[in-house]
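Thanks for coming, everyone. Let me put the model on the screen, and then we will walk through it.

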Amino acid sequence: MIVTLDDTNSSAIARELIRMREEGGAIALGRVLTLIVVATSDVNEDAIEAANEASGEHPMRVIVVHTYPDGDGAKLDAEIRVGSDAGASEVVVLHASGPASEDPASLIQPLLLPDTPVVTWWPDCSETHPAQNPLGELAQLRIVDSFKVAEPFATLAQLAEGYESGDTNLAWARITRWRAQLASVLDQPPYDPITGAEVIYRKLTTSTLLMAGWLAHYLKVPVTLQFSDDDLAGNLRAVKLFRHDGVIELRRTAKDTAILSQPDQPDQIVPLAIRNRFSVLSEELRSFAADPIYAAVLLEGVPEIAASNRELTEQER
């Protein structure tokens, strides 16, 4: 069900939510968090769909904010979605124009669920200093998604400059399963030291750089970045870890599988599905604790990779 409110205000929206709760009962109860989605001028249906899917694991109120500073006159329009149009969420889409767009935090505050955490998400990574944004100040957890940015080195440098505890990145969550598989291998004998690493990619993204930064920072070895022009699914193609007795390689072979090769062992087929936005968003919403590993990689690991790949950083300029 979708209800539209034209030329309205936050109080009227809150009253409408209460009315829908009273008439719909459980359809609007049991929310465990408020997710603020900061969108561009276009309605980000992809982000709303990801939030709706994630609500199956994390029932929530989703507030999508669009601001139009150059709009004529101060105006706030809203759309409320519940039921089949909102998954296990209730979705409030706000369109604020002119002076009404100047303080989006004040528009949202009356709509926050009481006594529950607040998460702010920038699906297009339009904010690189999220903790300093008024909508970020409302949140315990601030999420960006830098996966598709045009300048990955520069974007991660800006995110590092603005980083505060509670910031995270869906580009980091996209490599969780790669990191888990590699860490599991290194926890098994033989415990020979790693002497170097290589990250093979189809397109240079922030996920690629975060993977390389993680290896460089925690293994304390040189890491090289290698382009591949094959046509396999996914972007991150393979990670190689070099030891004196040979090479450990985790190499994607299909959309949902990879081959793990180790010295003196038969190759293993391991599950390694390409993750969609719903999957990584759900992962981030499972904990509101700061991620010190992400912080270390962003602040220290990625700069090491940037310093050793000057030619790639120059290509962005």
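One term before we start: a residue counts as buried when its relative accessible area is under 20%. Keep in mind that this is a predicted model.

Let's begin with charges. Side chains of opposite charge can pair when their charged atoms come close. How many salt bridges does a search of the whole structure find? The count is 15. I'll show you some of them.

Take D167 and R142. Their side chains form a salt bridge, with N and O 2.6 Å apart. D167 sits in strand 8, residues 167–169, and R142 in strand 7, residues 141–144, so this pair ties together parts that are 25 residues apart in sequence. Both D167 and R142 are buried. There is also a network: D46, D145, R174 and R277 are joined by salt bridges that share partners.

Next, R81 and E45. Their closest N and O atoms are 2.9 Å apart, in another salt bridge. This one links distant parts of the chain: R81 is in strand 4, residues 75–81, while E45 is in helix 2, residues 45–54, and 36 residues separate them. Buried or exposed, what is R81? R81 is buried, because its relative accessibility is 10%, under the 20% limit. E45, at 40%, is partly exposed.

Now a local pair. E16 and R19 form a salt bridge at 2.4 Å, N to O. Both belong to helix 1, residues 10–24, and lie three residues apart, about one turn of the helix. E16 is buried at 13% relative accessible area, whereas R19 is partly exposed at 31%.

Back to helix 2. Its buried residues include A47, I48, A50, A51, N52 and A54. What covers them? The cover includes strands 2, 3, 4, 5 and 6, together with helix 9, residues 277–284.

Last stop, a helix pair. Helix 5, residues 152–161, packs against helix 8, residues 206–219. Their axes are 9 Å apart, at an angle of about 65°. Angles of 65 to 115 degrees count as roughly perpendicular, and helix 5 and helix 8 are therefore described that way. The crossing is right-handed. Which residues meet there? P152, F153 and L156 from helix 5 meet T206, L209 and L210 from helix 8. In this contact, five residues are nonpolar, one is polar and none is charged.

Definitions and conventions. Residues are numbered from 1 along each chain as its sequence is written. This is a predicted model: local features need pLDDT of at least 70, side-chain atom pairs count only at pLDDT 80 or more; totals for chains, interfaces and linings use all residues. Side-chain values use heavy atoms; hydrogens and water are left out. A salt bridge is a side-chain nitrogen of Lys or Arg within 4 Å of a carboxyl oxygen of Asp or Glu. Helices (H or I, at least four residues) and strands (E, at least two) are DSSP runs, numbered from the N terminus. Buried means under 20% relative accessible area, exposed over 50%, partly exposed in between (1.4 Å probe, protein chains only). Contact means heavy atoms within 4.5 Å. Axes are lines fitted to C-alpha atoms, for helices over the stretch in contact, and angles run from 0 to 180 degrees between N-to-C directions. Angles under 35 degrees count as roughly parallel, over 145 as roughly antiparallel, 65 to 115 as roughly perpendicular and the rest as oblique. A crossing is left-handed if the near helix is turned anticlockwise from the far one by less than a right angle, and right-handed if clockwise. Ala, Val, Leu, Ile, Met, Phe, Trp, Tyr, Cys and Pro count as nonpolar, Asp, Glu, Lys and Arg as charged, and the others, Gly among them, as polar.
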